[in-house]
Amino acid sequence: MKVLYLFGPNLGALGRRDPALYGSATLVEIMAGVERRAEELGHEVVWRQSDHEGELVAWLLGAADEGAGAVVLNPGALAHYSYALRDAIEACGLPVLEVHMSNVHAREPFRRRSVTAEACRGSIIGLGAGGYHLALEAMAWITG
Ligand code: DQA
C-alpha cells in the first residue's frame, strides 16, 4: 500500500529546532529510516513537508487520486486551530493517523486540543520519531 506522510509548519527544521524536544535527526534522516522499514513491510512511502496550510489541504484532497491508501499527518501547530485542515482530513476519504513527536498533553495548554486529531482515525503522541515508524505498523489495523 502507498502511505502518504504529510508534515506541517516548522517540521522541515527538525534537527536544529529544539533538539531536547524533537531530537537531533533531520526530517530527511527520519524518513529514510521509515522508508527502509516500509520496504520490509511491503509498503511504499511518499512524503512531503509544507509550511503552508493551503498546500497541505491540497495534498490531503489529492491523496486518494495519487493512489494513497492512508495518510500519516503531523500538522505541527496547525493541529491546534486549523479547521480548514480538519475539513480536508474529513473530505479526503482515507484513514488519517495524526502523529505528534512531543507529548502535547504535557506542554502549554493550547497544545492539549487538536482540532485535526478529532477528524483522524487515531493519534500517536509523544514517542519522538518513533511515532512515524509506529504509524507504519498500525496500517495493518486501520486499513484492509
Ligand atoms: C508537534 C506539536 C505541535 O504543538 C508543535 O506546534 C509542532 C510539533 C509535535 O510533533 O510534537 O510543530 O506537532
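## Around the ligand

A residue counts as near a molecule if one of its heavy atoms lies within 4 Å of it. By that rule, the residues around the ligand are Arg17, Tyr22, Asn74, Gly76, Ala77, His80, His100, Met101, Ser102, Val104 and Arg111. This is a predicted model, where local features need pLDDT of at least 70, side-chain atom pairs count only at pLDDT 80 or more, and totals for chains, interfaces and linings use all residues. Residues are numbered from 1 along each chain as its sequence is written, and side-chain values use heavy atoms, with hydrogens and water left out.

## Polar contacts and cover

Which residues have N or O atoms close to the ligand's oxygens? For a polar contact, look for a pair of N or O atoms within 3.5 Å. A ligand oxygen is 2.6 Å from an N or O atom in the side chain of serine 102, and one is 2.7 Å from an N or O atom in the side chain of histidine 80. On its own the ligand has 320 Å² of accessible area, and the protein covers 99% of that (Shrake-Rupley method, 1.4 Å probe).

## The whole chain

Now zoom out: the chain has five helices and five strands (DSSP runs, with helices being H or I of at least four residues and strands E of at least two). Along the sequence they go β-α-α-β-α-β-α-β-β-α. The radius of gyration, taken over C-alpha atoms, is 14 Å, close to the 15 Å that the globule rule gives for 144 residues, so the chain is as compact as a globular protein of that length. That rule is 2.2 Å times the number of residues to the power 0.38.

Key. Polar contact = N/O pair within 3.5 Å; in protein donor to acceptor, adjacent residues only side chain to side chain.
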